[in-house]
Amino acid sequence: MQILRDKPSSFGPSIVTIGTFDGVHTGHRRIIEKVVALAHEREATSVVLTFDPLPRQVHHPDPKNKLICSLPDRLTRIEQLGVETTWVQQYDLDFAAQPPTEFVRDYLANPLHPLVVVIGEDMHFGSNNSGDAQTLRELGREYGFAVETIPNIVDPIFGRRWSSSWVRELLAQGRVDQAAYVLGRAHSVRGTVIHGKRRGRKLGFPTANLDAEFVEAIPADGVYAGWLRMPYPPHSKSPTSLEVVPAAISVGTSPHFGDVGRTVEAHVLGRADLDLYGEEVVVEFVHRIRDNLAFHSLDALLERMDRDLLETAVVLGVPKAQRINPGAVTA
């Protein structure tokens, strides 16, 4: 997939969609798949025009306002849908202040020469979100492109519109199973493995501790079953593949030890040989096992952690794993 960072001088004919597409959830995919299908049918180039940073981060800056997925992951997911070109337009207050007519003229009609622009039915654009689907149709008649709207997907089970806002709400509640249902994949975060306090190693639960400054939204505090994706071979300048291993994942503080800093730690089931310090890994959340708890004794904590491993293995459908002998831990 071709990735454009600057406005193309000559491009098209194309089939275009516009949006932030944070998470590239099932609703987003329906729109993008329509773009790809029309592009094949009309022998045109499929184009996604997206924005970085996301508009909500510009208009409502807040360190807690995290993405569902990072821009590189967003681009990968768009590419996997068969899109030929994605234009990543820098979004700032000056860009946001453009009237709808200027946006269509300068960012759609002239550079991309679209035959069709595909949008969700509730899409708005231009200053103060004053442009809508009807505005785009009127401007399309002026500039020679058609507009096709894709109806919002209302989930038949939950009765809610599929949206990035719904995914963020579910993650904030720790409901990663349902978030995966809306996303069409398990929610994941990407981070670099750093040195922690090494309590887990001493207790027989060595963990990969991820840097807490994530771009992506982290689910609510708790213990989760999931997967760790790590480069293979580790510490190679040119890893040949990704190794995917089952993991029990802890998010939040360690209330038993009185910690206050929020962390993400992944214990790989049955593995004591991993040295992942400095490696970038991906943690995927499959199912929430329990809340974070403070225990009345260390034995009670260890007993609960053993149960966490068992429940994680059952959820993931992998062989049961036991606590690792601390003397066997090499990293």
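**Entry: contacts and overall layout**

I began with the contacts in this predicted model. Among contacts in the chain with a separation of 6 or more, 73% join residues 24 or more positions apart. I then counted secondary structure and found 10 helices and 12 strands. Along the principal axes, the C-alpha atoms fill a box of roughly 75 × 40 × 35 Å. Of the 331 residues, 49% count as buried.

**Entry: confidence**

The average pLDDT of the chain is 87, and 91% of the residues score at least 70. Strand β2 has the highest confidence, at 97, while helix α9 (residues 199-203) has the lowest, at a mean of 52. Over residues 327-331 the pLDDT is below 50, yet this stretch has 13 contacts in the model beyond near neighbours in sequence.

**Entry: S46**

Next I went to strand β3, where S46 lies. Is S46 buried or exposed? S46 counts as buried, because its relative accessibility is 1% and the cut-off for buried is under 20%. Leaving out residues up to four places away in sequence, S46 touches I15, V35, V36, A39, G82, V83, E84 and T85. With E84 there is also a polar detail: a polar atom of the S46 side chain lies 2.9 Å from the backbone nitrogen of E84. I looked at G12 as well, 34 residues apart from S46 along the chain, and the two C-alpha atoms are separated by 9.2 Å.

**Entry: T86**

I moved on to strand β4 (residues 85-90), which holds T86. T86 has a relative accessible area of 0%, so this residue is buried. Which residues does T86 touch, not counting those up to four places away in sequence? I listed M1, Q2, I3, L4, V48, T50, L75 and I78.

**Entry: Q98 and helix α5**

Q98 sits in the loop between α4 and α5 (100-112). At a relative accessible area of 11%, Q98 is buried. Its side chain reaches the backbone oxygen of F95 at 3.1 Å. Beyond residues up to four places away in sequence, Q98 touches F103, Y107, G126 and S127.

**Entry: the largest pocket**

Last, I looked for open space. The largest pocket holds about 1200 Å³. Of its 41 lining residues, G19, T20, D122, M123 and H124 are the closest to the centre. The elements giving two or more residues to this lining are β2 (14-18), α1 (26-42), α2 (55-59), α4 (93-96), β5 (114-120) and α7 (164-172). Helix α1 supplies the largest share, 4 residues. I also sorted the lining by type: 17 nonpolar, 19 polar and 5 charged.

Methods: Residues numbered from 1 in each chain as written. Predicted model: local features only at pLDDT ≥ 70, side-chain atom pairs only at ≥ 80, totals over all residues. Heavy atoms only, no water. Buried < 20%, exposed > 50% of the residue type's maximum accessible area, 1.4 Å probe, protein only. Contact = heavy atoms within 4.5 Å. 1 Å grid on protein atoms, 1.4 Å probe; cavity = no way out; pocket = protein on both sides within 12 Å on 5 of 7 lines; lining within 4 Å. Points joined across faces, edges and corners; volume = space filled by probe spheres on them. Nonpolar A, V, L, I, M, F, W, Y, C, P; charged D, E, K, R; others polar. Polar contact = N/O pair within 3.5 Å; in protein donor to acceptor, adjacent residues only side chain to side chain. pLDDT = per-residue confidence, 0-100.
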